[in-house]
Amino acid sequence: MLGKLLKYEWRSSWRVIAAMNCFLILVTLLGIFSFRSTIIQSDNQALNILGVLTLIFYYLSIVVISVAVLIYMALRFYRNLYGDEGYLMHTLPVTASQHIISKILVAVGSYLVTLIVIILSVFSLAFSLFSAIDPTVDISGEISKGWEAVLPAIREAINMPLWLYFTLFAIGCVISLFSSVLMIYASISIGQMFVKHKVMGSILAYIGIYILEQTVMSYIALPQSISSMVNNTSEEMSLSAVLNSSFLSSFIISAIFGVGFYIVTLVLMKKKLNMD
Amino acid sequence: MAWELNQDRPIYLQLVERIQLQIVSGYYKPGDKLPSVRELAAMASVNPNTMQKAFTELERSGLIITQRTSGRLVTEDLKMIKKIQQDLATEQIVAFFEKMKELGYSKEEIVNLMQTAVREVE
Amino acid sequence: MENLVEIVGLTKVYEGRKLAVDNMNITIPRGKIIGLLGPNGSGKTTLIKMMNGLLTPTAGKVLINGFEPGVESKKKIAYLPEKTYLQNSMKVSEVVDFFGDFYDDFAKDRAYSMLQALKIDSTSKMKTLSKGTKEKVQLILVMSRNADLYILDEPIAGVDPAARDYILKTIITNYNENATILLSTHLISDIENILDDVIFIRDGQIILCSTVEAIREQKGKSVDAFFREVFAC
């Protein structure tokens, strides 16, 4: 059943996600093209301004698209499970947890795809920028040189093999992503508890939860970073403080909150469902 | 099209009458196999249980015979069919006389009117 | 087989609002076509939503085949809500596949033959269909299931008279002694001939449970006329 839900959820949403990513690709190409032309004629005032504008537009596009993916996923959750389509979904022989899991997997998956496209886009834009400025520069060579310079400092700071750190970091990011989406789902579910103004209720719930989570994060993460900074005044140690404590503890807090959000969403959907 | 059924009388009674009529008029001949309960219910646009009740009534009176292998058959008892035909006809006649009396005609006047009407029909 | 549906002490109170369903007790056997009749706001829809697990009761229980509303009961219930609940972006054929995917008892061939009979193009998208046609599609999907309990909320209200006849005939021909059909409607005179029993509901309470024949025999009038009497404003 879960597989079937995943299939249909993906089928319903892939077109919008693909469109958003195509837009990103288009904007990237636009950026590359404008860089090439502005840098070659760097004395032309108009083209310079165009180049800067393109850059701003590019940056805005990335921000807008990454938010848009989340908003679209939130809309799908709301419409499919709490709108008229909910009459179909909630009468299928499927559990509430299967509904939530299918939605979150597709949401996170879509976001990750978009994230990868964004990263590739930034890299290709930077690459084309550097090669446009100085075609003789061996970019990959420069990158590996810079990387080798920084590596030993990082290695010392983090006390573990590099690959392990990056893996944990990646896992932590994915956990945060799950947690963020689940926070949206929980807010929508809480909003449904209001008799009138359900959307307003969801927004208020979201703001409330956000403030709560941030408060907890700062209470737990901050003392850690401060204490490690206070104890170790050398440069390498403060690097260690940054790399170690804040990321790891914030990921753990995200995970705990994420589980909480899942439970809230599940319980409200199972026990307090009130379809209009 | 659904059979025309009266709104205020029990449906199953009207179904019994309707099927009796169909048998008596020769639409279903003696020994003919009747459609299934569900088919007839769909034709008449009535509840299958109600049609079943009508059939049970008809079986009770002997007009319909249920055989395990061949289904529901019209009886081959011609006398019974004839009797029912006559009973129904008598009902119609009695009702006709009542109506004519309401209009104010006497018995002789009614007979004269009938003879004239029959001649015109031929 | 025991009763298909057992409702005990079922109550629903909306926050601050009135009592929508008031301590209802009903048992519904198999093999019947039952009309759920009552004016707007009488609690019919609330009752139906609770049977489908779309609403949680304030008190009491609903048992379908011995199960509380959940995965097991939903496998055996075919529900037709009053609203359009299918995804507008899907084609009719995709919706048929969807139902076939999630319900083991769904008969695709029956669905397609009914779509053909009503001249509905299965390659068209739901959003291009008229409201009446959408309702016909939804009804066909429900009638193509081999469920134990069919709950139809206003199945013929938005449909033209010719299609209504077809729909009523479909309900009759799909009838089997193991299943029960619960019809909630305002159009009593159109459907009373196909009903076994009727349940009158007012203000969240059941005020009458009877067979159609009994009403006609004892009251000498149709259910429609009797209803108007009982619920006269």
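Mentor: Let us begin with a term: a polar contact is a pair of N or O atoms within 3.5 Å; within protein, one must be able to donate a hydrogen and the other to accept it, and residues adjacent in sequence count only if both atoms are side-chain atoms. This is a predicted model, where local features need pLDDT of at least 70, side-chain atom pairs count only at pLDDT 80 or more, and totals for chains, interfaces and linings use all residues. Residues are numbered from 1 along each chain as its sequence is written, chains are lettered from A and ligands numbered from 1 in the order in which they are written, and side-chain values use heavy atoms, leaving out hydrogens and water.

Now to our residue. The side chains of K136(C) and D160(C) are joined by a polar contact of 3.2 Å. K136(C) belongs to helix 5 of chain C, residues 131-143; helices (H or I, at least four residues) and strands (E, at least two) are DSSP runs, numbered from the N terminus. Is K136(C) buried or exposed? K136(C) counts as buried because its relative accessibility is 13%, and buried means under 20% relative accessible area, exposed over 50%, partly exposed in between (1.4 Å probe, protein chains only). Leaving aside residues up to four places away in sequence, K136(C) touches L118(C), I120(C), V159(C), D160(C) and A163(C), where contact means heavy atoms within 4.5 Å.

Staying in chain C, look at helix 9, residues 223-230, where V223(C), D224(C), F226(C) and F227(C) are buried. Seen down the axis of helix 9 of chain C, its buried residues fall within an arc of 160°, so they line one face of the helix; the arc is that of the directions from the helix axis to the C-beta atoms. Among the elements covering these buried residues are strand 3 (33-37), strand 8 (197-202) and helix 8 (212-219) of chain C.

Next, the neighbours of chain C. Of the 2 pairs of chains that touch, chains A and C have the most contacts. Chain A and chain B share no contact, and their closest C-alpha atoms lie 28 Å apart.

The size of an interface is often given as the accessible area lost when the parts come together. Here, buried area is the accessible area (1.4 Å probe) that two parts lose on being put together, summed over both. Chain C and chain A bury about 2500 Å² between them, with 60% of it on carbon and sulfur atoms, and their contact takes 26 residues from chain C and 28 residues from chain A. The rule finds 2 salt bridges across this interface, a salt bridge being a side-chain nitrogen of Lys or Arg within 4 Å of a carboxyl oxygen of Asp or Glu. D84(A) and K83(C) meet through their side chains in a salt bridge of 3.3 Å, N to O. Helix 1 (44-52), helix 2 (71-76) and helix 3 (92-102) of chain C are the elements giving two or more residues to the side that touches chain A. Helix 3 of chain C gives the most to that side, with 5 residues.

On to the other pair: chain B and chain C bury about 1800 Å² between them, 46% of it on carbon and sulfur atoms. Q7(B), R38(B) and N47(B) are the residues of chain B that lose the most area to chain C, together 31% of what that side buries. Between chain B and chain C there are 0 salt bridges by the rule, while 16 residue pairs are in polar contact (both at pLDDT 80 or more).
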